[in-house]
Amino acid sequence: MALHFARSWRLYSWGAKRCGAAAGEARRGISFKLEENTAHSSLALFRGDTGVKYGLVGLEPTKVALNVERFREWAVVLADTAVTSGRHYWEVTVKRSQQFRIGVADMDMSRDSCIGIDDRSWVFSYAQRKWHTMLANEKAPIEGIGQPEKVGLLLDYEAKKLSLVDVNKVSVVHTLQTDFRGPVVPAFALWDGELLTHSGLEVPEGL
């Protein structure tokens, strides 16, 4: 199940739209945009809030709306939809960035942290032309993928698994065993270039 972030709410301070495995969503995955209220000041959203660009200088603090949900120390942005059940698939065009992290995170993770550093986020990291998994600041190498134009992410909430998918071969490259304790959201960090997300996709046959 997935939950869109509402503009006013009490349980969570930045709202959500939830996505799950209703009958009509058995194969079609989460549909989301990036949530500007969470984006670090060095990041700018584009293409209808489905893409994110990194700026070395970033926006002047006086031009960024004060928001407790904004990441303060790291160039991170979260999606506007939380997953609470089901299997979901989305893709990310990564060809224009040489250093980034993609995955999922607890929707209420610390805004002073970065995805991959704490134990409330699960990510695949790309830097120095190499892929790694990251959890609690510990890395493990991933082989056999290089830097494709686009990669897929497959989230199985009940099985507590997040997989990196080769979109050309339609095959799983690596799977992270997770420890979800509540709603999680797609999460992104980058330190150069741009990322473009593609959501609302069906889970590919065979995955």
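Two strands are said to pair if DSSP finds at least two bridges between them. Helices (H or I, at least four residues) and strands (E, at least two) are DSSP runs, numbered from the N terminus. The model is predicted: local features need pLDDT of at least 70, side-chain atom pairs count only at pLDDT 80 or more, and totals for chains, interfaces and linings use all residues. Residues are numbered from 1 along each chain as its sequence is written, and side-chain values use heavy atoms, with hydrogens and water left out.

**Stop 1: the open sheet**

Begin by selecting strand β13 (residues 161-166) together with β14; they pair in the antiparallel sense over 6 bridges. Within this pair, Lys161 faces Gln177 of β14.

In what order do its 7 strands lie? The order is β3-β4-β16-β7-β12-β13-β14, the sheet is open, and the pairing is antiparallel. At the edges are β3 (43-46) and β14 (171-177), each of which pairs on one side only. From one strand to the next the twist averages 25°, where axes are lines fitted to C-alpha atoms, for helices over the stretch in contact, and angles run from 0 to 180 degrees between N-to-C directions. In a regular strand the side chains alternate between the two faces of the sheet.

**Stop 2**

Select Asp166, which lies in strand β13. Residues are classed as buried under 20% relative accessible area, exposed over 50%, and partly exposed in between (1.4 Å probe, protein chains only). Asp166 is buried yet has no salt bridge, a salt bridge being a side-chain nitrogen of Lys or Arg within 4 Å of a carboxyl oxygen of Asp or Glu. Which side chain of opposite charge is nearest to Asp166? Lys169 is, at 4.5 Å; Lys and Arg count as positive and Asp and Glu as negative, while His and the chain ends are not counted. Leaving aside neighbours within four places in sequence, Asp166 is in contact (heavy atoms within 4.5 Å) with Ser171 and Val173.

Move to Leu153 in strand β12 (residues 150-156). Leu153 counts as buried, at 0% relative accessibility. Residues up to four places away in sequence aside, Leu153 touches His88, Tyr89, Trp90, Ile102, Gly103, Phe124, Ser163 and Leu164. A C-alpha distance can be drawn from Leu153 to Thr175: they are 22 residues apart in sequence and 9.7 Å apart in space.

**Stop 3: the nonpolar cores**

A nonpolar core is a set of buried Ala, Val, Leu, Ile, Met, Phe, Trp, Tyr and Cys residues joined through side-chain atoms within 4.5 Å. The largest has 34 residues. To find the members with the most contacts inside it, select Trp90, Ile102, Phe124, Trp131, Phe188 and Leu195. At least two residues of this core come from each of β7, β8, β9, β12, β13 and β15 (184-190). A second, separate core has 14 residues, including Leu78, Ala82, Met109 and Val185.

**Stop 4: two hairpins**

Display β9 with strand β10 (residues 130-135): they pair in the antiparallel sense over 5 bridges. Ala127 stands opposite Lys130 in β10. This hairpin has 2 residues between the strands, and Gln128 takes a positive phi near 50°.

Continue from β10 to strand β11 (residues 138-142), which runs antiparallel to β10 and is joined to β10 by 5 bridges. Here His132 has Pro141 of β11 as its bridge partner. Which residue takes a positive phi in the hairpin of β10 and β11? Ala136 does, with a phi near 55°, and this hairpin has 2 residues between the strands.

**Stop 5: salt bridges**

The structure holds 9 salt bridges. One of them joins the side chains of Asp112 and Arg72, at 2.8 Å from N to O. Asp112 lies in the loop between β8 (100-106) and β9 (121-127) and Arg72 in the loop between β4 (51-54) and β5 (76-78), so the pair ties together parts 40 residues apart in sequence. Both residues are partly exposed, Asp112 with a relative accessible area of 41% and Arg72 with 42%.

Now select Glu194 and Arg96, whose salt bridge has its closest N and O atoms 3.8 Å apart. Glu194 belongs to strand β16 (residues 194-198) and Arg96 to the loop between β7 (87-93) and β8, so parts that are 98 residues apart in sequence are tied together. Arg96 counts as exposed, at 54% relative accessibility.

End at Asp179 and Arg181, which form a salt bridge with the closest N and O atoms 3.2 Å apart.
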